[in-house]
Amino acid sequence: MAAYSGSGAGTSGDPYLIGTWDELREFGQDIAADNYLTSYWKLTADIDASDSSSLDGGAGWTPVGGGASATFKGGFDGDGYTITDIYIDRVATNYVGFFGDIDASPGANLITKLGLVNVDITGRDNVGGLCGRYQDGNISKSYTSGSVSGTDYVGGFCGQNTN
């Protein structure tokens, strides 16, 4: 398993810190697939993610936690910072958003104080700016703006809320 190159221990008291595009890309594209889906993360700066359009052969950002077998169950504290220009073009894919599928213990703080600005997200079913599907845990003080499109269960914030 690859180790996160930034600082922090990934716990609720000492989250992994993300302050650059390279660290965000590492979180989303390199680390999430390596069992960091239950870790805690925190932004330390506003991040321009316009380079996300060049990821994965032009398909863009790979949603973190892309379905029931890989659900994001950790914590992500935006600390009032924003991520701008996330791009995703996965027209044949379900569970599409910055996070594909998120779920935590009832009452757990899952996502807080995160702003996603000027998103451009396309998927198939369960498509949203923040998440494709939200199952449980608390999302607070967070927002999205931009364009989100898909076929079924599509929303600007979350495509489907099963809680």
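Entry 1, terms. I call a residue buried under 20% relative accessible area, exposed over 50% and partly exposed in between, using a 1.4 Å probe and protein chains only. The model is predicted, so I take local features only at pLDDT of at least 70 and side-chain atom pairs only at pLDDT 80 or more, while totals for chains, interfaces and linings use all residues. I number residues from 1 along each chain as its sequence is written, and my side-chain values use heavy atoms, with hydrogens and water left out.

I count a salt bridge where a side-chain nitrogen of Lys or Arg lies within 4 Å of a carboxyl oxygen of Asp or Glu. My search of the whole structure returned five salt bridges. I describe some of them here.

I looked up Asp125 and found its side chain in a salt bridge with that of Arg124, at 3.7 Å from N to O. Asp125 counts as buried at 16% relative accessibility, whereas Arg124, at 36%, is partly exposed.

I then turned to Arg25, whose side chain meets that of Asp22 in a salt bridge at 4.0 Å, N to O. For secondary structure I use DSSP runs numbered from the N terminus, with helices (H or I) of at least four residues and strands (E) of at least two. Both Arg25 and Asp22 belong to helix H1 (residues 21–31), where they are three residues apart, about one turn of the helix. I noted a relative accessible area of 25% for Arg25, which is partly exposed, and of 48% for Asp22, also partly exposed.

Which parts of the chain does the salt bridge of Arg90 and Asp56 tie together? The closest N and O atoms of this pair are 2.8 Å apart. Arg90 sits in the loop between strand E6 (87–89) and strand E7 (99–102), and Asp56 in the loop between strand E3 (47–48) and strand E4 (75–77), so the pair ties together parts 34 residues apart in sequence. Arg90 is buried, with a relative accessible area of 13%.

I found Asp77 in strand E4. Asp77 is buried but has no salt bridge, and the nearest side chain of opposite charge is that of Lys42, 4.3 Å away; I count Lys and Arg as positive and Asp and Glu as negative, leaving out His and the chain ends. What does the side chain of Asp77 reach at 2.7 Å? It reaches the backbone nitrogen of Asp79. Taking contact as heavy atoms within 4.5 Å, I listed Trp41, Lys42, Leu43, Thr112 and Lys113 as touching Asp77, not counting residues up to four places away in sequence.

Cys131 and Cys158 form it, with their sulfur atoms 2.3 Å apart. The link of Cys131 and Cys158 is right-handed, with 95 degrees about the S-S bond. It joins distant parts of the chain, Cys131 lying in strand E11 (residues 131–134) and Cys158 in strand E15 (residues 158–161), 27 residues apart. Both Cys131 and Cys158 are buried.

Tyr95 is not a glycine, yet its phi is positive, about 60 degrees; I located Tyr95 in the loop between E6 and E7. Lys141 also has a positive phi, near 50 degrees. Lys141 lies in the loop between strand E12 (138–140) and strand E13 (143–149), and counts as exposed at 66% relative accessibility.

Key: Disulfide = S-S within 2.5 Å. Polar contact = N/O pair within 3.5 Å; in protein donor to acceptor, adjacent residues only side chain to side chain.
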